[in-house]
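Please find below a short note for a colleague who is new to this entry.

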Amino acid sequence: MDVFRIQGGARLVGEVHITGAKNSSLKLMAVALLAPGKTTIRAVPNILDVTIMAELLRRLGCSVSYSAETETVEIDVPATIEHRADYDLVRRMRASIAVLGPLVARTGAADVALPGGDAIGSRGLDMHTAGLERMGATVANEHGYLVVHAPDGGLVGTHVYLDFPSVGATETLLMAAVTANGVTVIDNAAREPEIVDICNMLLAMGAQIDGVGTSLLTITGVSSLKAVEHTTVADRIVAGTWAVAAVITGGDITVRNANSEHLSIALEKLVTAGAEVEITNDGFRVQMNKRPTAIDVVTLPYPGFPTDLQPQFIALNSIAEGSAMVTENLFEARFRFVQELTRLGAEVRTDGHHALIRGRSQLSGAPVEATDIRAGAGLVLAGLVADGETTVHAIDHIDRGYVDFEKQLSKLGANIIRETSPQLS
Ligand code: EPU
């Protein structure tokens, strides 16, 4: 298991280039299942989850190749596909659930292993299954698998109201509805940029979707879809992480190939913290030349403040002037990493959905452990400003969301290396 060894204190200066969003690419690969033929997806990040999704698609009968050099995945989908997603892959990556909708749509059935618990919360699937049932499917939980069958004539369009704008449930129902009989309305749909990206690919494939980018999606089923070429939307969370990196280190980072509109609230928060943010023609530049002021944050579905930037903002608040309240509304266990942050001397108290952070003028380097992707990013950011050495363990989590993170950080001036951690005998 590798670790990051960080010597704190460097000011990060320079330029980074953002590639496609993990949370879009993986779903776009599942979307490919909806059309026989050859789909090409560009700007797919070189991360383990892409390898896992590629393997899942292969087991369903597809030929899949990925080039890390061009960040392109090619998926050849046969006329007939399998309908089972095994536990050995699903347990490694919750995004595997993205094949559920396409499998029911294409084959009339799906056996998808239940992903189970997760380090950031319970993450139910009730809205996915309730929506499919409303479209006429039967759903059973058998031997650890979600077993879904569409009615004989296929799924039937209907009105689905989501209790909460779940990203995953919106995606499942969207992918199930594009070739269903009649019209499906998804009310209170999630409208994250990654959902818009999926809609755009589906539209290019021949789907009929109204209300893209809104919380009311109206989908008129079509009989078939065609394979297309598509480029993944830029990763707003990676871009936002770089923005925080600039502010926390008192640096100056230009983020290229990012869409600043997808980060409006987060960038606005950084301005409130004292940063200078300049919107450029292909992204933004963030400069900071003083100690940040503490900023309150409340996570909400898009266009609210993203939960995937919450740990990075807690790290920022831990060295800010003043106190801040961070409220987490999406994943109940996302504050687990706070325990690790306090090992660096951060003063954070959590109570249910709330974390109260009292900014300290200095953190103190220590060994810490990443508990999930974003927690890992938050701990690295904290390590960059901690006095002395911080070692971040379990960085396989970080590798799942940030390609060559340490190399990019080094390029900007950080003192960070990847090391293979000594094994206990
Ligand atoms: N939920 C239910 N029932 C459902 C669906 C969701 O109770 O049927 C709950 C979940 O338990 C959770 C909340 O609703 O508490 C939000 O879940 P949502 O479905 O919106 O999220 P997701 O699809 O599981 C995706 C991203 C997450 C990101 C969230 C919110 C992927 C693979 N994951 O998760 O990304 O935080 O949307 O934006 O797309 C990450 O990248 O680090 C990450 C965790």
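1. A salt bridge is taken here as a side-chain nitrogen of Lys or Arg within 4 Å of a carboxyl oxygen of Asp or Glu. By this rule, the count is 23 salt bridges. The model is predicted: local features need pLDDT of at least 70 and side-chain atom pairs count only at pLDDT 80 or more, while totals for chains, interfaces and linings use all residues. Residues are numbered from 1 along each chain as its sequence is written, and side-chain values use heavy atoms, leaving out hydrogens and water.

2. Glu389 and Arg5 form a salt bridge, with the closest N and O atoms 2.6 Å apart. Glu389 lies in strand 25 (residues 389-393) and Arg5 in strand 1 (residues 2-7), so this pair ties together parts 384 residues apart in sequence. Helices (H or I, at least four residues) and strands (E, at least two) are DSSP runs, numbered from the N terminus.

3. Glu389 is partly exposed at 33% relative accessibility, and Arg5 is partly exposed at 24%. Buried means under 20% relative accessible area, exposed over 50%, and partly exposed in between (1.4 Å probe, protein chains only).

4. Glu55, Arg58, Arg59, Arg84, Asp86, Asp88 and Asp111 are linked in a network of salt bridges. Within the pair Asp88 and Arg59, the closest N and O atoms are 2.9 Å apart.

5. Four strands form an open sheet in the order 6-7-9-8, with mixed pairing; two strands pair if DSSP finds at least two bridges between them. Strand 8 and strand 9 (residues 145-149) pair in the antiparallel sense over five bridges.
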